[in-house]
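These are my notebook entries on a structure that is new to me. I begin with the whole and then turn to a single element.

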Amino acid sequence: MARKKTLKLATFNVNGIGKRLPQLLAWLEAARPDIVALQELKAADAAFPAQALEAAGYGAIWQGQRAWNGVALLGRDTMPVESRRGLPGDPDDDQSRYIEAAVHGIVVGALYLPNGNPQPGPKFDYKLAWMQRLAKHARTLVGLTHPVVLMGDYNVIPTDADVYDPKAWRKDALIQPEVRDAFERLLAQGWTDALRHVLGDEAQVYTFWDHFRQHAERDRGLRIDHLLVNAVLADRLRKAGVDRWLRLESGASDHAPTWIEVAAG
């Protein structure tokens, strides 16, 4: 078998893997990503469809949670080698939001950052505390000599260019100054926002469209799914995009798969 010249890395908030397994499998067959981070499984560990994914050619590790949360990592024709389950820093945090593994020679942190609504309040406080813990852990990864990516649903709108109508979202937790500042501090460690790096700061690119007022059809969305890469992997970036077509399917998740292609190591 010829060695691959590029690898495709994707993140996708599936918003219920049981309900949307047929769409997930159809997308995997069409897009053929090599590494996938999934969020919002909304399924207990025992309900995770490992056999169906294996039949589709993907090894998987996961941390499920009944009714909400849940993250997974998939590797095409390989089994991810797990290195961490759960974000360090709070032993009492039982929400399934972070899993980390080596996949195809890349260190991958798959994350589902808290939404934080309503704000102000305890959910917003939890979001900010979680971002602090993420930043502390990310600092141990960014300088590695290996390629590293932190990808997932960050629930962060980084700038006004990342939302169709900033005024309509001004009170939302995703756009608050404290959240944006925390995201900027994360980037300042040396991470590269891969989509903006490839597509440019002026490009209109969204990854989420709510289910109201035909926002998906009218392309009134948000960019909240991000792939942050360290310098080693940033040098290998080739392409980036969002598979919005899947969001336009009947009964789709409110997110679309968001991906990059990198030169294989």
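Before looking up the surface, I note that accessible areas come from the Shrake-Rupley method with a 1.4 Å probe. I also note that this is a predicted model.

Entry one, the surface. I looked up the accessible surface of the protein and found about 11,900 Å², of which 51% belongs to carbon and sulfur atoms. Of the 265 residues, 58% count as buried.

Entry two, the overall form. I read off seven helices and 12 strands as the secondary structure. The radius of gyration is 17 Å, close to the 18 Å that the globule rule gives for 265 residues, so the protein is as compact as a globular protein of that length. Its C-alpha atoms fill a box of roughly 50 × 40 × 40 Å along the principal axes. Among contacts with a separation of 6 or more, 69% join residues 24 or more positions apart.

I found 33 positive and 33 negative side chains, and the centres of the two sets lie 2 Å apart.

Which residues of helix 1 (residues 21–31) are buried? I recorded Leu-21, Gln-23, Leu-24, Trp-27, Leu-28 and Ala-31. They cover an arc of only 160 degrees around the axis, which puts them on the same side of helix 1. On the other side, Pro-22, Glu-29 and Ala-30 are exposed. The cover over the buried residues of helix 1 includes strand 1 (6–13), strand 2 (35–39), helix 2 (50–55), strand 3 (58–63), strand 4 (71–76) and helix 7 (244–247). Just after helix 1, I noted that Arg-32 takes a positive phi of about 55 degrees.

Terms used
Residues numbered from 1 in each chain as written. Predicted model: local features only at pLDDT ≥ 70, side-chain atom pairs only at ≥ 80, totals over all residues. Heavy atoms only, no water. Buried < 20%, exposed > 50% of the residue type's maximum accessible area, 1.4 Å probe, protein only. Helix = DSSP H or I, 4+ residues; strand = E, 2+ residues; numbered from the N terminus. Arc of directions from axis to C-beta. Contact = heavy atoms within 4.5 Å. Rg over C-alpha atoms; globule rule 2.2 N^0.38 Å. Lys, Arg positive; Asp, Glu negative; His and termini not counted. Charge placed at Lys NZ, Arg CZ, Asp CG, Glu CD.
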